[in-house]
Amino acid sequence: MKSESRQPELPKLPHGDGVLVYTSNGKILYRKSIPVDGDYRRLAVTGRTLKECFDAMQKKESEIQAGLQSASNQPLAVAIDEWLRLYKQPEVKPSSYGRLCITFDSQIKRMAIAGKPWKKIKTDDLQQAINALIPCGYSWSTIKKAYDMLNAFYTFQTRRCYLPRNPMELCRMPVRENLLKQEKEIVYMTEQQIQVFSKEALSYAYGSSKLKYRYGPAFVFLIYTGLRVGELCALQWKDFDLGKRTVSITKNLMEIYNRDYGAGYEKVAQYTTKISTTKTRSTRIVPLNQKALMAYKLMWQAAPYTKPDDYVLCTARRNPATPRQMERRLAYLLQSTGLDLPPCGCHMLRHTCASLLFSKKLQVEIIASILGHSPEVCRRTYIHFCQEQRAAAIQQIAEFNDI
């Protein structure tokens, strides 16, 4: 019989220098605990030889110590700014990164702890900074974004072994009832307001065969399809299938805030546009009813370019219209209608579409598929519509079994 080859016995290291063991695939695993800010952090490396393991462990220890030394006096705002640029920007969509930058500039940089060394900030300091956002009049969702950013940053540094534990673990979000600013209600138009709005949006200029509002039909199209304004701006004529009376939603136009704008750089635009995937990174087919088809025909007539690859809403230079441009044109149109509506944007038209769908007592799953939501998000966003449906259902039971 052939004798089985045995691996050489690993040396036993002095107390405090770690432990060496073999892994299942024959490699050497070197585990060691090193002191980090009054606590210990466990490290582990693997190698085929003892020298590889010792060299890898020494390199890892040196990196941690160098990171601890460089970060010891770095202000919180500077550290989060570097973290956003180096680690968050590559892993999130440009629009998401833009929102992170807004949270950083509007909330994090204005905190009292922004200039303090981030390693020396304790749990109490972080909780006080979060609580200080309440009297500023921010909504719960805005405070939650600042809370999440601080938590994500300190979680990242903890995983890098720069901290023994995350100081945000014990921090708590304020309850909604304690906030000065309550969550804004969803704004949408009633059926009567839709009639007034549509009549004005589709009207013609006096004594002319041209539409009074270049993008008026587009706003009506939003009401009867429920598209996001970025999805509408990214639409091309080839996305329509008039034979099936559908439109394919495959992309979204985003406007990304340029952080270098106004910082002394020449010829830097405040916003840059980018065509990306939809918000949910999925494709959906939206059916077109008669009113949506009517709006489509008017958009076609008013469009300067109508080749398949041209954008439905395009400028004279064949560039797509941007969401910010659409917001300004909607504001002007709403002012002309005289409707008594609170301040709102193009998303109000999407909410109006949702209200029409709910009024027809459709299943939430069907409504969600049209709007590009998950059923859970749809129920949470339009909870008041769902409550109205439940109340109507209970009322129908009473009418059915009248005593």
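Predicted model: local features only at pLDDT ≥ 70, side-chain atom pairs only at ≥ 80, totals over all residues.
## How the elements are named

Helices (H or I, at least four residues) and strands (E, at least two) are DSSP runs, numbered from the N terminus.

Residues are numbered from 1 along each chain as its sequence is written, and side-chain values use heavy atoms, with hydrogens and water left out.

## Leucine 339 and its surroundings

Leucine 339 is buried at 18% relative accessibility, where buried means under 20% relative accessible area, exposed over 50%, and partly exposed in between (1.4 Å probe, protein chains only). Beyond its neighbours within four places in sequence, leucine 339 is in contact with Met189, Gln193, Val196, Phe197 and Leu334 (contact means heavy atoms within 4.5 Å).

Glutamine 193 is 146 residues from leucine 339 in sequence, yet their C-alpha atoms are 7.1 Å apart.

## Two arginines with positive phi

Let's turn to the backbone. Arginine 245, in the loop between β4 (240-241) and β5 (246-249), has a phi near 60°, a positive value in a residue other than glycine. Arginine 245 is partly exposed, at 40% relative accessible area.

Arginine 318 sits in the loop between α9 (290-302) and α10 (323-337). Its phi is also positive, about 70°, although arginine 318 is not a glycine. With a relative accessible area of 37%, arginine 318 is partly exposed.

## Cysteines

How many disulfides are there? The count is zero, taking a disulfide as a pair of cysteine sulfur atoms within 2.5 Å. Cysteine 53 is buried, with a relative accessible area of 0%, and cysteine 101 is buried at 2%.
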